[in-house]
Amino acid sequence: MFGFIGVTRAFYARMAARRAGVIVNIIGMGGERLDVNYLAGAAGNASLMAFTRALGGASHRDGVRVVGINPGPIATGRMETRLRAIAARRFGDAERWRELTAEMPFGRPGRPEEIAAAAAFLASDLSAWTSGTILTIDGGLANAPPER
């Protein structure tokens, strides 16, 4: 949380001085889909969502836009490490981690390029009237019914 605030402080004043700029916070879906096993992360993500919405709701006065993206599970080394640990517990074999992606929406994790494309759009003039908004890109996970 404080890293986001520090970076914003460093750049917001410069953007406001030239009356132009966009801050795109890449947050995470933990603040939307609360999990008791991820309380610290969920609280941090929820705080970053509030920070982004509040600042983005007022930043238009300075000619600056502030938006956020909440990615779901994305195919990164971090995700692979997590899935390896789960596969080791569940199957007794970390090498079976790819089987866990079949449980994800559309049978796969998101791709980094999908998040990058959304960030580029939000930062572009095509989205010039967007501020104080969080875009969730998670294959629908945040709105999925609870598991039974």
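A salt bridge is a side-chain nitrogen of Lys or Arg within 4 Å of a carboxyl oxygen of Asp or Glu. The views below come from a predicted model.

**Figure 1. R84 and E95 form a salt bridge.** The closest N and O atoms of R84 and E95 are 2.8 Å apart. R84 lies in helix α3, residues 77-91. E95 sits in the loop between α3 and α4. The pair therefore ties together parts that are 11 residues apart in sequence. R84 is partly exposed, at 24% relative accessibility. E95 is exposed, with a relative accessible area of 52%. In the whole structure, a search finds 6 salt bridges.

**Figure 2. E114 pairs with R108 and with R111.** Side chains of opposite charge can pair when their charged atoms come close. E114 forms a salt bridge with R108, and their closest N and O atoms are 2.8 Å apart. E114 also meets R111 in a salt bridge, at 3.3 Å from N to O. Another network built from shared partners joins E80, R84 and E95. E114 counts as partly exposed, at 27% relative accessibility. R108 is partly exposed too, with a relative accessible area of 33%. For R111, the relative accessibility is 39%, which also counts as partly exposed.

**Figure 3. R65 is buried and has no salt bridge.** R65 belongs to strand β2, residues 64-71. The nearest side chain of opposite charge is D125, 5.7 Å away. What does the side chain of R65 reach at 2.8 Å? It reaches the backbone oxygen of T130. The backbone oxygen of S124 also lies 3.2 Å from a polar atom of the R65 side chain. Leaving out residues up to four places away in sequence, R65 touches several others, including G21, V22, I23, S59 and L122. A123, S124, S127 and A128 are also among the residues touched by R65.

**Figure 4. V64 is a buried residue of strand β2.** V64 is found in strand β2. Its relative accessible area is 0%, so V64 is buried. Which residues touch V64, not counting those up to four places away in sequence? They are Y12, M15, A16, G21, S59 and S131. V64 and R18 are 46 residues apart in sequence. In space, the C-alpha atoms of V64 and R18 are 9.2 Å apart.

**Figure 5. T101 is buried in a loop.** T101 is found in the loop between α3 and α4. Is T101 buried or exposed? At 13% relative accessibility, T101 counts as buried. Residues up to four places away in sequence are set aside for its contacts. T101 then touches M79, L83, G107, R108 and P109.

Figure 6. Phi of R19 is near 55 degrees, a positive value in a residue other than glycine. R19 lies in the loop between α1 (2-18) and β1 (21-26). At 49% relative accessibility, R19 counts as partly exposed. Phi of F106 is near 60 degrees, again positive in a residue other than glycine. F106 lies in the loop between α3 and α4. F106 counts as exposed, at 73% relative accessibility.

**Figure 7. The whole chain gives the setting for the close-ups.** The chain holds 4 helices and 3 strands. Along the sequence, the pattern is α-β-α-β-α-α-β. The C-alpha atoms fill a box of roughly 55 × 30 × 30 Å, taken along the principal axes. How many of the residues count as buried? Of the 148 residues of the chain, 34% do. Take the contacts between residues at least 6 apart in sequence: 67% join residues at least 24 apart. The accessible surface comes to about 9100 Å², and 58% of this surface belongs to carbon and sulfur atoms. The chain has 18 positive and 13 negative charges, and their mean positions are 7 Å apart.

Methods
Residues numbered from 1 in each chain as written. Predicted model: local features only at pLDDT ≥ 70, side-chain atom pairs only at ≥ 80, totals over all residues. Heavy atoms only, no water. Helix = DSSP H or I, 4+ residues; strand = E, 2+ residues; numbered from the N terminus. Buried < 20%, exposed > 50% of the residue type's maximum accessible area, 1.4 Å probe, protein only. Contact = heavy atoms within 4.5 Å. Areas by Shrake-Rupley, 256 points an atom, 1.4 Å probe, with all protein chains shown as cover. Lys, Arg positive; Asp, Glu negative; His and termini not counted. Charge placed at Lys NZ, Arg CZ, Asp CG, Glu CD. Polar contact = N/O pair within 3.5 Å; in protein donor to acceptor, adjacent residues only side chain to side chain.
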